[in-house]
Amino acid sequence: MAYVWFPVTYHAALVKVFLLHPSKAQRFYTCPSMIEPRQGYRLAIEARELPEPGPSEVLIRLSASGVCGTDIALAAGKIRPQHRILGHGSVGRVVRLWSAVPTTQVPLRLRVGLHSGRAIDGTFAEYTAVPYRDLMPITEYLLDKQIAPIICAGVTIYKAVKICGATPGQWILISGAGGCVGGLGIQYAKAMGYHVIASDIGKAKKFLCMHLGAEV
């Protein structure tokens, strides 16, 4: 898992104009999209019209997105993409609300995390429209690049460690510990009081695992 930064050349000023004077705002954004030629898939940057939120949706301006192994497989054509814009774990801010969204729960400029799955256009973009109930409020005390990988990989391994059945002081083994999911798992496990056995291949990954807190 890595993170992707998106352009911020038109940030708060554009958002403010868009909310107050929609006719004056730029209505397009850029994103890397999947193109399907005869020879296979490839990524291309394209401009798209800003998505229009539905009655219970909000418009999110994305600032960072995790890059998952699933995204890599989709981009390589190993899995057929359901939509042209990839990405599913991201961080951003609410910039537009629609009629059925309670402003007491979702105020403008709220910083949120989003895990969009593959049923809608993904998060490798500057904007996305999603149901407000899918949003997770995010603290202001962490950087975007710290949060974005946790939205997918971090949540996945946290649940696995949480329900593994071990008790603090016991040993647990994490396979693939040198990857992002496994590396986060080592840190979660140590924080929960477990002793960690890391399983992976290569000296570089061994060094990383031991640095993160694995004992074996």
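Rings of Phe, Tyr and Trp (for Trp, the six-membered ring) form a pair if their centres lie within 6.5 Å; planes under 30 degrees apart are stacked, those over 60 are edge-to-face, and the rest are tilted. The model is predicted, so local features need pLDDT of at least 70 and side-chain atom pairs count only at pLDDT 80 or more, while totals for chains, interfaces and linings use all residues. Residues are numbered from 1 along each chain as its sequence is written, and side-chain values use heavy atoms, with hydrogens and water left out.

**Exercise 1.** Determine how many aromatic pairs there are, and classify what is found.

*Solution.* The ring centres of Tyr158 and Tyr188 are 5.6 Å apart and the planes meet at 80°, so the pair is edge-to-face. Tyr158 belongs to helix H3 (residues 144–162) and Tyr188 to helix H4 (residues 180–191), 30 residues apart; helices are DSSP runs (H or I, at least four residues), numbered from the N terminus.

**Exercise 2.** Decide whether Tyr158 and Cys152 are buried, partly exposed or exposed.

*Solution.* Buried means under 20% relative accessible area, exposed over 50%, and partly exposed in between (1.4 Å probe, protein chains only). Tyr158, at 37%, is therefore partly exposed. Cys152, at 12%, is buried.

**Exercise 3.** State how many disulfides the structure holds.

*Solution.* A disulfide requires two cysteine sulfur atoms within 2.5 Å. The structure holds zero disulfides. For Cys152, the nearest cysteine sulfur, that of Cys68, is 4.1 Å away. The closest cysteine sulfur to that of Cys180 is also in Cys68, at 8.9 Å, too far for a bond.

Notes: Helix = DSSP H or I, 4+ residues; strand = E, 2+ residues; numbered from the N terminus.
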